[in-house]
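Welcome, and please open your viewer.

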Amino acid sequence: GNLPRGVVLFERTMESWNYDDDIKNAVSFSDAMTQLILSNDGVNNLGSKVYLDLLRAQVVENTHRCHAQLFPRKGAAAENGRLEDKKIDDLKKSLGEDDFAKVVSEATNLLAKQKEP
């Protein structure tokens, strides 16, 4: 298309995030790109020299910048809280007692891991 690849990637990522989709789907790489990133050509452990040179030129030394301003919408936090509470209530209703206990246990374990140094 006519838009720079970075703008398209940014838009796809924001759209995925905005609609609670997995953003990894928006930035998925082909097998060839994954192989390029993960390959080790003996230069270092970070990936191939080709990938590192590309990353340096296109990201690190890139002079293009993007500034975004986000403006809050009055009442959005309360509305989002109500929607989230409804989602949780619907999920609770759809789970059996054992499944709900498992979710609580996993959440507790995750919280404990996040608090570890």
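A pocket, on a 1 Å grid over the protein atoms alone, is an open set of points where a 1.4 Å probe fits, with protein on both sides within 12 Å along at least five of seven lines; lining residues have an atom within 4 Å of a point. Grid points are joined across faces, edges and corners, and a volume is the space filled by probe spheres set on the points.

You are viewing a predicted model, where local features need pLDDT of at least 70, side-chain atom pairs count only at pLDDT 80 or more, and totals for chains, interfaces and linings use all residues. Residues are numbered from 1 along each chain as its sequence is written, and side-chain values use heavy atoms, leaving out hydrogens and water.

Helices are DSSP runs of H or I with at least four residues, and strands are runs of E with at least two, numbered from the N terminus.

Next, select helix 1 (5-18). Its 14 residues reach 20 Å from first C-alpha to last, close to the 20 Å expected at 1.5 Å a residue; that expected span is 1.5 Å times one less than the number of residues. Following helix 1 comes Asp 20, with a positive phi near 60 degrees.

Asp 20 also lines the second largest pocket, together with Trp 17, Asn 18, Arg 73, Asn 80, Leu 83, Glu 84 and Lys 87. The volume of this pocket is about 300 Å³.
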